[in-house]
Amino acid sequence: MTRSPLPARATGTARAARAARAARADRTTWAGRAAHAAAAWAALFALVHLYWLLGGRVGLPDGLSVLDNTPLLVVDVAAVPLCAVATAMALALARPPGARIPERRLLLAARATALLLVVHAAPSVPDWAALALGRRSAAELDAMARFATFLYEPFFLAGGLLFALAAFGRGMPRRQRSV
């Protein structure tokens, strides 16, 4: 007795439906939302660096141009592709496991990114604490210190925390990732 092709098709359809539900579930977990937020953060950072590379000055301290400062120019040239890779990595964190990037490598790269971003922002923590406790005022900071303390370093810290939430949440069992 031969089997009808219908059950095989139905099984394939059911498998596809389960995979689609799993993908939707990944996007609705806090880790999935953190991964999407990390992707948006990285894309925004890439656009900011590209804007500065093209001569834009908004967001930079007065009188500072990336094009006139060789070290900053080198940093910006490197930052744009790095941010593009970080965007792709964060989007991979939002997808179900088993996609094109091996899970262990993806998690290692995401955790390393989170660590790098948080460590980058760490030197500003004493300034933030002194300002919060009233032991220092913003008027005491020069333009570059204000730029780093109030804009640049908090942005690095936010990115680091988003990548950490996405990476560590991805490593948890699905039940613990749910909202």
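## Packing of H2 and H6

In this predicted model, the axes of helices H2 and H6 come within 8 Å and cross at roughly 145°. Axes are lines fitted to C-alpha atoms, for helices over the stretch in contact, and angles run from 0 to 180 degrees between N-to-C directions. The crossing of H2 and H6 is left-handed (the near helix is turned anticlockwise from the far one by less than a right angle).

Contact (heavy atoms within 4.5 Å) between the two helices involves, among others, Trp30, Ala34, Trp41, Phe45 and Trp52 of H2, and Phe147, Phe156, Leu162, Phe163 and Arg170 of H6. By class, the residues of this contact comprise 19 nonpolar, 3 polar and 1 charged. Here Ala, Val, Leu, Ile, Met, Phe, Trp, Tyr, Cys and Pro count as nonpolar, Asp, Glu, Lys and Arg as charged, and the others, Gly among them, as polar.

## Packing of H5 and H6

Helix H5 (residues 125-132) packs against helix H6 (residues 143-170) at an angle of about 120°, with the axes 11 Å apart. H5 is therefore oblique to H6; angles under 35 degrees count as roughly parallel, over 145 as roughly antiparallel, 65 to 115 as roughly perpendicular and the rest as oblique. The crossing of H5 and H6 is left-handed.

From H5, Asp127, Trp128 and Leu131 meet Thr149, Phe150, Glu153, Pro154 and Leu157 of H6. This contact has 5 nonpolar, 1 polar and 2 charged residues.

## Nonpolar core

The largest nonpolar core has 31 residues, and Leu93 and Phe163 have the most contacts inside it. Such a core is a set of buried Ala, Val, Leu, Ile, Met, Phe, Trp, Tyr and Cys residues joined through side-chain atoms within 4.5 Å. H2 (30-53), H3 (70-94), H4 (103-121) and H6 each supply at least two residues of this core, with H2 giving the most, 9 residues.

Leaving aside neighbours within four places in sequence, Leu93 is in contact with Ala35, Leu106, Leu107, Ala110, Ala166, Ala167 and Arg170.

## Chain overview

The chain has 7 helices and 0 strands; helices (H or I, at least four residues) and strands (E, at least two) are DSSP runs, numbered from the N terminus. Of the 179 residues, 30% are buried (under 20% relative accessible area, with exposed over 50% and partly exposed in between; 1.4 Å probe, protein chains only). Among contacts between residues at least 6 apart in sequence, 72% join residues at least 24 apart.

## Basis of the values

Residues are numbered from 1 along each chain as its sequence is written, and side-chain values use heavy atoms, with hydrogens and water left out. Local features need pLDDT of at least 70 and side-chain atom pairs count only at pLDDT 80 or more, whereas totals for chains, interfaces and linings use all residues.
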